[in-house]
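Hi,

Here is the structure I promised to pass on.

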Amino acid sequence: MVAQTGSSGRVAPWSAGRAIFSLSLRALLSGRRWLLVAALDALLIVVALILALAAHDESPQRYLVDLTRTLALPILLPFIALIFASEALGSEVEERTLVYLTLRPIPSWLIVLAKYGACALVTLVAIWLALLPAFFALDGLHGPAALLPALLVGAGAGALAYAALFLLLGLLLRRALLIGAIYILLWETAIAALSTGAAHLSVRIYALAVVRGVLGNDAFFPSDALAPLPGLLTALLWLAVVSALALAVAAWRLRRVEVK
Amino acid sequence: MNGEGKILLEAQKTARIAALPGHAGEHAAAPTITLDHVSKWFGEKVALSDVSFAIGPGVTTLLGPNGAGKSTVLKLLTGQLRPSSGTVRVLGQPVIDNLPLYRRIGLVPEQESVYGFLTLREFVELAARLHGLARPREAALRAIALVGLNDAAERRLDEFSKGMRQRAKIAQALVHEPEVLILDEPLTGADPRQRLELIALFERLAEQGATILVSTHVLAEAERMGRNVLVLVDGKLAAEGDFRRIRDLMNDRPRRMRVRCERPRELAALLVREPGTSEVRVQPDAIEVETADLRAFALAVPRAARTVGARLYAVEPLDESLESVFRYLVE
């Protein structure tokens with residue numbers, strides 16, 4: 001028998017990548033993860049509605065930024081990313097289906113990128129689906145024009161970084177969900193909140209810096225929250241470097257996974 | 001692999017790769033799969049110890065009990081594991097990170113798990129797309145037809161029985177028409193008719209020039225699948241070649257024969273005196289003899305029957321099955 005391939009005799013990265021992306025998207029949407037994510041989204045929306053009722057004459061937009069700063073970015077976003085991204089490659093390893101992807105004439109970086117694309121996309125959509133109702137509930141339309149883009153871009157940048165980190169975690173560790181949850185609760189919310197040094201190693205701080213940078217209005221932030229925030233460009237660069245590094249390590253690791 | 005079966009002695013192992021002419025005698029082709037002094041250990045546990053063999057096109061069965069190292073061999077051949085020492089070559093090339101080579105290999109993995117949320121057609125088509133086939137859907141449908149699952153093409157895999165999943169895994173391994181097909185226990189869960197059909201499929205593919213390496217711990221399957229056998233026991237290659245010839249070469253082991261006859265007690269009394277006979281059991285209408293010298297036994301039986309005036313009804317081996325070969329090797 002002779003292997004029959006496309007006219008070029010090579011696997012087109014775009015075509016193979018699209019196939020894995022589509023497979024991963026269906027895998028992520030086929031489980032019951034959405035129930036958990038929907039519950040997290042609902043939590044933010046309910047809190048936003050309560051704040052809207054409590055706001056009275058005060059600026060509800062300030063509550064919106066507070067909500068983003070204290071709940072959406074440090075809790076919701078990383079947990080949603082963890083739920084999806086740790087499964088992207090982790091479940092393939094756990095369920096031993098990885099061989100259906102790795103024993104193909106396609107490079108490991110393509111598998112990682114396609115998987116990452118899928119889990120980053122669903123994380124992004126999930127966090128936006130929570131932020132948008134919160135935005136409208138807290139009268140965001142009457143706030144600065146840059147408020148909505150700031151929230152969406154900041155959460156989006158954070159989603160991309162968290163997805164990359166947790167995708168790597170899922171590939172490296174068997175109990176990625178548990179270890180990821182401990183990381184979020186201990187590092188991202190507790191230690192990074194107490195220590196400025198630790199904050200500089202926290203995705204949350206850089207995502208918040210993006211919100212502030214795009215918003216361009218410090219009045220929405222308490223002074224103690226502003227202190228550790230870097231500039232917009234630095235934040236974007238840091239998030240991009242962290243994401244790229246995590247994905248590069250994942251691609252390197254993927255080719256070295258031994259199936260015992 | 002050598003067409004002549006052989007039990008491996010330690011001294012034979014070192015020079016064996018050079019001495020083996022691929023599937024000599026049957027295919028006379030260059031080896032397509034070669035393991036040269038390959039060992040694999042996981043921490044303290046040795047999974048494979050200095051295993052060497054070379055096989056060419058055709059069906060070869062990798063036989064051994066559970067835990068013998070069969071899956072380890074197959075994972076080494078498909079790049080899922082790296083050898084701790086030694087070299088693994090498929091189609092003359094190293095396997096690890098050799099992406100162009102993966103286009104020429106098909107694997108049916110041991111594990112049952114598949115993407116349950118996909119239909120069979122989607123599952124096989126995914127493999128076709130990842131192999132860069134020009135017409136993935138047509139290729140997928142062709143592979144599905146080969147394993148006889150046309151009617152189930154649009155059913156989700158999580159609705160499949162174990163046997164159907166096995167065939168789905170075979171279809172995804174065949175979709176790109178690989179030159180080398182590696183199958184880890186592919187008949188698990190298949191019913192008897194499906195087994196026969198799959199074995200016939202492997203034979204057809206082999207006739208077209210493919211190298212097919214099938215692992216099994218079920219002796220009856222190995223016996224049906226082809227005469228070329230590699231026997232792994234405790235991570236070591238215990239035997240290779242034609243399993244019947246392997247049996248013939250086991251001259252140092254007594255064979256058990258049953259002689260159905262009249263006057264079994266008198267016949268037994270004579271046969272027990274024959275050189276090479278180590279044990280004789282008398283039954284109402286037969287005797288069972290264990291002999292280390294089959295030739296002498298074959299001459300002695302009619303002679304003894306003439307002497308006592310007994311009629312012979314049948315002389316038959318009791319341990320010609322692969323199971324007996326296997327049991328001997330394990331012991």
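B:Asp50 counts as partly exposed because it has 18 C-beta neighbours inside 10 Å (buried takes 20 or more other C-beta atoms within 10 Å of a residue's own, exposed 12 or fewer, and partly exposed is in between, with C-beta atoms placed from the backbone). Before I go on, please keep in mind that this is a predicted model, where local features need pLDDT of at least 70 and side-chain atom pairs count only at pLDDT 80 or more, while totals for chains, interfaces and linings use all residues. Residues are numbered from 1 along each chain as its sequence is written, and chains are lettered from A and ligands numbered from 1 in the order in which they are written.

Back to B:Asp50: its phi is near 50°, a positive value in a residue other than glycine. You'll find B:Asp50 in strand E3 (residues 45–55) of chain B. (Helices are DSSP runs of H or I with at least four residues, strands are runs of E with at least two, and both are numbered from the N terminus.) Most residues other than glycine have a negative phi.

B:Glu185 is another non-glycine with a positive phi, about 50°. B:Glu185 sits in the loop between strand E8 (180–184) and helix H8 (192–207) of chain B. Is B:Glu185 buried or exposed? With 23 other C-beta atoms within 10 Å, B:Glu185 is buried.

**Chain B overall**

Chain B has 13 helices and 15 strands, and 50% of its 331 residues count as buried. Chain B splits into domain 1 (6–249) and domain 2 (255–318), with bounds that come from an automatic or database domain assignment. Taken over C-alpha atoms, the centres of those two domains of chain B are 43 Å apart. As for contacts in chain B between residues at least 6 apart in sequence, 68% join residues at least 24 apart (a contact means C-beta atoms, placed from the backbone, within 7 Å).

**Where the chains meet**

On the chain B side, 38 residues are in contact with 31 residues of chain A. The elements of chain B giving two or more residues to that side are helix H4 (99–102), strand E7 (105–108) and helix H5 (120–130). H5(B) gives the most, with four residues. By class, the chain B side has 19 nonpolar, eleven polar and eight charged residues (Ala, Val, Leu, Ile, Met, Phe, Trp, Tyr, Cys and Pro count as nonpolar, Asp, Glu, Lys and Arg as charged, and the others, Gly among them, as polar).

**Helices of chain A**

Helix H2 (residues 33–55) of chain A has 23 residues, so at 1.5 Å a residue it should span 33 Å, and its end C-alpha atoms agree at 33 Å apart (the expected span is 1.5 Å times one less than the number of residues). Which residues of H2(A) are buried? They are A:Val37, A:Leu40, A:Asp41, A:Leu44 and A:Ala48, and they pack against helix H3 (60–94) and H5 of chain A.

The axes of H2(A) and H3(A) come within 10 Å and cross at roughly 175° (axes are lines fitted to C-alpha atoms, for helices over the stretch in contact, with angles from 0 to 180 degrees between N-to-C directions). H2(A) and H3(A) are therefore roughly antiparallel to each other, a label for angles over 145 degrees, with under 35 as roughly parallel, 65 to 115 as roughly perpendicular and the rest as oblique. The contact of H2(A) with H3(A) has 19 nonpolar, no polar and two charged residues.

Cheers

Note on methods. Contact = placed C-beta atoms within 7 Å.
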